[in-house]
Amino acid sequence: TITATTQGSTVTLPEATSYTTTIGQPILPCITKTYTFPLGTAITSVTFTTSPSTTTTLTQPIQLAPEPTLLTPNPTVTSSQTEATLPVQCSYRLGAGIQGTTHVLYLLVDFYPIQTAPGSTSLTITSSVDVTITYQLPTTALSPIRANTCLIITPTNFTTALQPLITHKQHMGITIYLQTLQ
């Protein structure tokens, strides 16, 4: 849906999971899809095939993302605007996490179906994208997470201060692994 406002046109999509917020750039919808794989999976390629694009002309440009507004004055905070570029139409990123008690690899695919430049009244609209993911599953599964295990990662100089916590957790039946950073 395209709506004209006093600050510029706005675009909303029911499928959008977020919107771009780069200062001085058009506020455009983003559709993110998350794929989950066992941790250790090798993602060898991610390719995108988009449907043909159409172009439409607006009566006014898309509203630009504003600079943040500080609620209280803070002389040490300064804002600087670097020249930003529009997001690529399709991109992906990887992350790892825990789903239930299983270590997983997350593949997040971002699709920006509407493209425009700041101040332009021309929109390029792509209605769909096909994503092809090529991957290789791990040959061995990782051990499941043990519920009564705790990993503490800390600078070496905090080790003594953490000893009462470690002792307490051990008395509660929790296995503690302490890893120092130095």
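Modeller: T20 is buried, with a relative accessible area of 11%; buried means under 20% relative accessible area, exposed over 50%, and partly exposed in between, with a 1.4 Å probe and protein chains only. This is a predicted model, in which local features need pLDDT of at least 70, side-chain atom pairs count only at pLDDT 80 or more, and totals for chains, interfaces and linings use all residues. Residues are numbered from 1 along each chain as its sequence is written, and side-chain values use heavy atoms, with hydrogens and water left out.

T20 sits in the loop between strand 3 (18-19) and strand 4 (29-38). Strands (E, at least two residues) are DSSP runs, numbered from the N terminus. The side chain of T20 reaches the backbone oxygen of P26 at 2.8 Å, and a polar atom of that side chain lies 2.8 Å from the backbone nitrogen of L28.

Turning to the strands, two of them pair if DSSP finds at least two bridges between them. Strand 7 (residues 90-99) pairs with strand 8 (residues 102-111) in the antiparallel sense over 10 bridges, and S91 stands opposite D110 in strand 8. Strand 7 and strand 8 form a hairpin with two residues between them, and G100 in the turn has a positive phi of about 70°.

An open sheet is formed by three strands in the order 6-10-9, with antiparallel pairing. Its edge strands, strand 6 (53-57) and strand 9 (114-115), each pair on one side only. Strand 9 and strand 10 (residues 122-126) pair over two bridges, and I114 stands opposite I125 in strand 10.

Notes. Helix = DSSP H or I, 4+ residues; strand = E, 2+ residues; numbered from the N terminus. Polar contact = N/O pair within 3.5 Å; in protein donor to acceptor, adjacent residues only side chain to side chain.
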